[in-house]
Amino acid sequence: MSSRIADLLKNRRGENFDLHEKHLNTQMVRVLKTIGYDRVYVRAQGPYLYDDQDREYLDLLSGFGVFALGRNHPKVVAALKDVLDAQLPDLVQMDVSLLSGLLSEKILQRCPGDLSRMFYCNSGAEAVEAAIKFARYTTKREKIVYCEHGFHGLTLGALSLNGEQVFRDGFGPLLPACTAVPFNDLGALEAAICHNDVAAFIVEPIQGKGVNLPDDGYLAEAARLCRKHGTLFVADEIQTGIGRTGKFWAIEHWDVEPDMILMAKALSGGFIPVGAVAMKKHIMEAVFNRMDRAVVHGSTFSKNNMAMAAGIATLDVIDEEGLVENAARIGEQITSGIRAMADRYELLHTVRGKGMMIAVEFGAPRSFSLKAAWSLLETANKGLFSQMITIPLFKNHRILSQVAGHGMNVVKFLPPLVIGQKDADWVLQAMDAVVADCHKVPGAIWDLGKNLTSHALKAKAG
């Protein structure tokens, strides 16, 4: 049998789920089949996916924020072809590459304050690992402070800073000297760092799990407290950065100048994994302080030419197509449009977010018939109602979205930054229809709720 990719895709089309069930994560296959997400996607363009029946789907998940430019953007494709055609010497290791220098120049021009050095890796989790190591070495302190409900990755060091217990259970012991404080609580932060023994405070400007926004003065005052106590302020912009929130960096909404910015996801252009840390000069020079320490931390495939070219092309597209401004404009249309529905739908409680990072939160209803149905779901599994939004959005309206976190009735939208007016209208019309159906008891959506309840109770019993 031919191993040419084109032949494999043609001859073995449709075997996706069988192969995964046999060789990869069987439980993921079960989840997708149970909730009706078992589609076979065969192509993608921009914000749209197409299945083997040529049905079009609007992707509001965007690979957890990877596809800021949508999929298969022609300018990024062209950049990658240029690299392949040039037959460049890649990953020589005993060398420094031109493209990594050029990408660094572009990124640092967009960074606030005096960030002037870059470190590259392959993922957001690796960027977090680097930040932990760099902060400890620079300050000669061990302790790291992070926020409850935060998410910073799933490798062991990054996992030690995760504020959601579901990701940590069974993987301990984790790194010592890592302390959680409540998000938006300056008193708790100061109490944690006031002894001048904390290396870094690592925080998402907007928390990804739940899309929790900071109070207006929180991040700026947190940065001031860190400076006061010799603690490095590290902004984890792995999901929020590169235009997602209607500013290039989310911290720009609050005029904050961190000591390090962590990035990944969107920088890839949706093709080649890349992560990075932008930092102040003194941090880089503290870690790599002698010639014999020039390779004291690194990553084998970091700075590879394909990743660097994808990053350069991504930043060019963001500028040329005005995607930061588009994220602010279209994101506000979607947020305000859903918010306007709250007066008509008692289950819809709040809508929050910035740019193309949007959360729709549902809560307990007032009317008796809805209360009983809601209580049944919440008793079976807290946060189950949110799946009664995401599943009909997908099955009835071909919109792919996600629940914002475990045990919460929050639906999260992370659209590609390239979506336009047609897509915003698509989202608003679909949300109006799905939320309206949730207020009809009995009804088809509540039949779905009964099935979800049954699965949840069986899972608990098992």
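Analyst: Go ahead. This is a predicted model.

User: Which helix gives the largest share of the lining of the second largest pocket?

Analyst: The second largest pocket holds about 1,000 Å³ of space. Its lining counts 33 residues, and those closest to the centre are Gln93, Asp95, Val96, Ser302 and Lys303. Both α6 (98-109) and β4 (115-121) supply at least two lining residues. The largest share, six residues, comes from α6.

User: How many residues in the lining of the second largest pocket are charged?

Analyst: The lining divides by class. It has 16 nonpolar and 13 polar residues, and the charged ones number four.

User: Which residues line the largest cavity, and how many of them are charged?

Analyst: One cavity reaches 30 Å³ or more. The largest cavity has a volume of about 30 Å³. Gly65, Ala68, Ile238, Gln239, Gly241, Ile242, Arg244, Ala266 and Leu417 line it. By class, that lining has five nonpolar residues, three polar and, as for charged, one.

User: What is the handedness of the crossover from β7 to β8?

Analyst: β7 (residues 198-203) pairs with β8 in the parallel sense, over four bridges. Ala200 stands opposite Leu232 in β8. Between the two strands the chain passes through helix α11 (residues 218-228), and this β-α-β crossover is right-handed.

User: What span does helix α7 reach from its first C-alpha to its last?

Analyst: α7 covers residues 124-139, which makes 16 residues. At 1.5 Å a residue, the expected span is 22 Å. The model comes close to that, with a reach of 22 Å.

User: Which residue with a positive phi follows α7?

Analyst: Start with the helix itself. Its buried residues include Ala127, Val128, Ala131, Ile132 and Ala135. Residues three or four places apart on an α-helix point the same way, because there are 3.6 residues a turn. After α7 comes a residue with phi near 60 degrees, Lys140.

User: Which strands are the edges of the open four-stranded sheet?

Analyst: The order is β11-β12-β15-β14, with antiparallel pairing. β14 pairs with β15 (residues 410-413) over two bridges, and Gln402 stands opposite Lys412 there. An edge strand pairs on one side only, and that holds for β11 (348-354) and β14 (402-403).

User: Which residue in the turn between β11 and β12 has a positive phi?

Analyst: β11 and β12 pair in the antiparallel sense over six bridges. Gly353 has Ile358 of β12 as its bridge partner. The two strands form a hairpin with two residues between them, and the turn residue with a positive phi of about 55 degrees is Gly355.

User: What is the bridge partner of Ile358 in β15?

Analyst: Strand β12 (residues 357-362) has five of its six residues buried, so it is largely enclosed by the rest of the structure. Four bridges pair β12 with β15 in the antiparallel sense. In β15, the partner of Ile358 is Phe413.

How values were computed. Residues numbered from 1 in each chain as written. Predicted model: local features only at pLDDT ≥ 70, side-chain atom pairs only at ≥ 80, totals over all residues. Heavy atoms only, no water. 1 Å grid on protein atoms, 1.4 Å probe; cavity = no way out; pocket = protein on both sides within 12 Å on 5 of 7 lines; lining within 4 Å. Points joined across faces, edges and corners; volume = space filled by probe spheres on them. Nonpolar A, V, L, I, M, F, W, Y, C, P; charged D, E, K, R; others polar. Pairing = 2+ DSSP bridges. Right-handed = clockwise from strand over helix to strand, strands pointing away. Expected span 1.5 Å × (residues − 1). Buried < 20%, exposed > 50% of the residue type's maximum accessible area, 1.4 Å probe, protein only.
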